[in-house]
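Please read the points below with the model open. They cover the strands, helices, cores and chain contact in turn.

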Amino acid sequence: MIKKNEVKSVLFAGVGGQGILKASDIICEVLIAAGYDVKKSEVHGMAQRGGCVTSHVRYGSKVYSPLEKSGNVDILVSFEKMESLRYLQYLRKDSSIIVNSEKIYPPAVNIGASPYPSDIIKNIKSRFALVCEVDAADLAKKAGSVKTSNIVLLGALSKLMNIDRRIWVKIIENSFPEKLVKMNIDAFQMGIDA
Amino acid sequence: MKVLMSGNEAIARGVYEAGVRFAAAYPGTPSTEILEEFSKYEGVYAEWSPNEKVAVEVAIGAALAGEKALAVMKHVGVNVAADPIFTVSYTGTNSALVIVSADDPSLHSSQNEQDNRNYAKFTKMPMLEPADAQEAKEFAKIAFALSKKFDTPVFLRSTTRVSHSKSIVKLGKPVAYQDKTAITFNPEKYVMVPALARLRRVEVEKRLEKLKQYAETFRENKMEIKDRRFGIITAGMPYNYAKEVFPDFSFLKLGMVYPLPEKMIRNFAKKVKKIYVVEELDPYLEEQIRAMGISVIGKEIFPYTNEFDPGIIENAIKKHLKGDKFPAQKIPSRPPNLCPGCPHRGLFYVLGKQKVFITGDIGCYTLSFMKPLQGLHSCICMGASVGMAHGMSKALKEKGKGKVVGVIGDSTFVHSGITPLLNMAYNKSDALIIICDNSTTAMTGMQEHPATGFTLLGEPSKQLDLKLLVSALGIENIKVIDPYNLGETKEAIKEELAKDGPSVIISQRGCVLFKRKNYSTEKPLMIDAEKCTGCKVCLGLGCPAISWKKIEPKEGSKQQGISVIDEGLCTGCGICAQVCKFEAIL
């Protein structure tokens, strides 16, 4: 458990269509089931068309703001490799980062006008103690569908959160139609083992 | 029961719990989900109206018939609906009428950042402002009670962060619906001709006095006295931000932002030494509080623009902007883009190559202003493209001949493009209007409208025939094209620009994300690496599925790279194959 009056935060970042909002919904339900007050913030609309998507999740005994301030996010979960760099100002030195290996080229890179940043992992590892790179698409395919990448990343995140695995499993079970449950539980476990 | 809800879901729930079963809206971020969620409740009537003005008028009619009614819109929608709103404030509502205004500080999905709290003062209507989902639900209920009690329309203001944040909501027991509808006549109250409106005008001031009294004891105007050295007056989401960083300060949190509780504010000012007014956008509270002769600190330290977060408030008050330890990295931006297979891409690829001024409008196609398409040159508000194209063509006279095009989506055309198109026929315009008809309201997430032939409640309905309508407005030159066919598109545009008088092209092809129409998905295309010369012409489409891959130049060749198609993204629309001169795309 976290201390009384303490609020922890997770920042999810990535690109529209990666299942970020679904993942952050699931983690909110998990946190509620674990007894926390939870607030989450996200932006819809324009972001759906391949733009940046972020979702803040904050939890503790009492949470006021759904948005975290710069320099105070505990864990960044970046669903796309380069996007991890876009939000470093939200982090502290002791923040943790989970980063997906997947690269999604923005328009400028697609047309060859600018390069996709190189050495991203090396770059963030030099600044933060805990950086965990996960090849979520690869693991998700093994679980049964590349669409479970978001749940693989939740599995990796769960290792940093100290919440009973049974709660995670129960909430994931409740979050999908029956025929997709096993695949997503497998994906979650692969994220834990990654 | 406690559930996780967004502010929008909570507003819908609160309205339902209040026993309300009637709502009208036009979709617009960040307001859209309110009506979508409301429409899912049992026994409700909910409609997408063609625009916000109609939605408010529909709700007024329902209220006058004795039904409690809701109208929902984004901030700029209130501008469209302002005409009926200002005057229904005079007439009162008979039953109850609540208007939701969802504002968008930081312009996440909007063309401006207007602060609609000003509308409350301007229209002399009370306005409630919740700070999270629980309050959103409760305030929706209070809004209906207030409307009934004071015979006034009531504003419920949300912002993007309230509408789209999720937090825990305790569900209440819905009030059972009671049918109190009846035809009643009261022309003195509802016929706003000058003689009668003058009388109602006086009633409005009387009502405002009563509302001021009410505000003094309103339970959602809350004083929290802690550290008496520092006080914060705030409302809505900024309360949560400020509370997060200054939990020990004293707070006056206003649940009702118009009219203000003057005595309560004076009382608060007596109790605390230094007062900060924490509000996003305009110094709306600040100016009114200063006018009471109370000295406060406001916009001299807080920004006028963009939404706040806890850090912005903390830095402004503590005045120690500590430099970011990890400055934002310079990486390529990731703007939203037209989807792979988007029918707008073909049209705007052709348009961008014409030497014409293209007045744009609100919708996904607005994104085509960016490189590489650069397919439109202005965007002001819903429907503006048509009137602007006409005005520009008239002003340019001969110079504008064949040089001015307006583009507008199907939903936007129905919203507010019809009247200016009528004007073009009537006033003998010479511009070309292109209706980008993708058979849905795509930008806000696939809402129905009159030209889709379905209602919000999912019922098939009379489908507006755009071609017939355009013809009935007096436009004689009309062409319907498929924007996947670049040759046809280019030819049609050239022909219509050459003609005298106004023309309309209906560029017709369903949104690629639109599920109901179930377009047969074509096989993804591939690039023949042997034939690709690396000319980059296909990259000019800005399709997310096509990218540039560098290669080592072969001996005797200057070719630096080739185009590559991502088969996971490609929908097989075939536009790129039409622009490739080397038949390298198959």
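1. A residue is called buried here if 20 or more other C-beta atoms lie within 10 Å of its own, exposed if 12 or fewer, and partly exposed in between, with C-beta atoms placed from the backbone. Helices (H or I, at least four residues) and strands (E, at least two) are DSSP runs, numbered from the N terminus. The model is a predicted one, in which local features need pLDDT of at least 70 and side-chain atom pairs count only at pLDDT 80 or more, while totals for chains, interfaces and linings use all residues. Residues are numbered from 1 along each chain as its sequence is written, and chains are lettered from A and ligands numbered from 1 in the order in which they are written.

2. Strand β1 of chain A covers residues 7-15; eight of its nine residues are buried, so the strand is largely enclosed by the rest of the structure. Two strands are taken to pair if DSSP finds at least two bridges between them. On that basis β1(A) pairs with β3(A) (residues 52-60) in the antiparallel sense, over nine bridges. In this pairing A:K8 is opposite A:Y59. β1(A) also pairs with β4(A) (residues 73-78), in parallel and through four bridges. Here A:L11 is opposite A:L76.

3. Helices α5(A) (residues 136-143) and α6(A) (residues 149-158) have axes that come within 8 Å and cross at roughly 110°. Axes are lines fitted to C-alpha atoms, for helices over the stretch in contact, and angles run from 0 to 180 degrees between N-to-C directions. Angles under 35 degrees count as roughly parallel, over 145 as roughly antiparallel, 65 to 115 as roughly perpendicular and the rest as oblique. α5(A) is therefore roughly perpendicular to α6(A). Contact between two residues means that their C-beta atoms, placed from the backbone, lie within 7 Å. A:A136, A:A137, A:L139 and A:A140 of α5(A) meet A:S149, A:V152 and A:L153 of α6(A). The residues of this contact are six nonpolar, one polar and no charged.

4. How many residues of chain A are in contact with chain B? 44 residues of chain A are in contact with 44 residues of chain B. On the chain A side, α1 (20-33), β2 (37-42), α2 (83-86), β5 (91-100) and α3 (107-110) each supply at least two residues. β2(A) gives the most, with six residues. The chain A side divides into 22 nonpolar, 12 polar and 10 charged residues. The bridge partner of A:K40 in β8(B) is B:K166.

5. A nonpolar core is a set of buried Ala, Val, Leu, Ile, Met, Phe, Trp, Tyr and Cys residues joined through C-beta atoms within 7 Å. The largest has 99 residues, of which B:A23, B:A59, B:L70 and B:A71 touch the most other members. Beyond its neighbours within four places in sequence, B:L70 is in contact with B:V15, B:V20, B:F22, B:A23, B:A59, B:V98 and B:V100. A separate core of 65 residues includes B:C436, B:L525, B:A545 and B:A584.

6. B:G14 is in helix α1(B) (residues 7-17) and counts as buried because it has 29 C-beta neighbours inside 10 Å. Its C-alpha atom is separated by 5.3 Å from that of B:A140, 126 residues apart along the chain. B:G77 is in helix α4(B) (residues 75-91) and is buried too, with 28 C-beta neighbours inside 10 Å. Setting aside residues up to four places away in sequence, B:G77 touches B:Y26, B:G28 and B:E52.

7. Chain B has an open sheet of five strands in the order β14-β15-β16-β18-β17, with parallel pairing. Its edge strands, each pairing on one side only, are β14 (357-359) and β17 (477-481). β17(B) is joined to β18(B) (residues 503-508) by five bridges, and B:I478 is opposite B:V504. Helix α15(B) (residues 384-396) lies across β14, β15 (404-409) and β16 (432-437) of chain B, at about 175° to β15(B).

Notes. Ala, Val, Leu, Ile, Met, Phe, Trp, Tyr, Cys and Pro count as nonpolar, Asp, Glu, Lys and Arg as charged, and the others, Gly among them, as polar.
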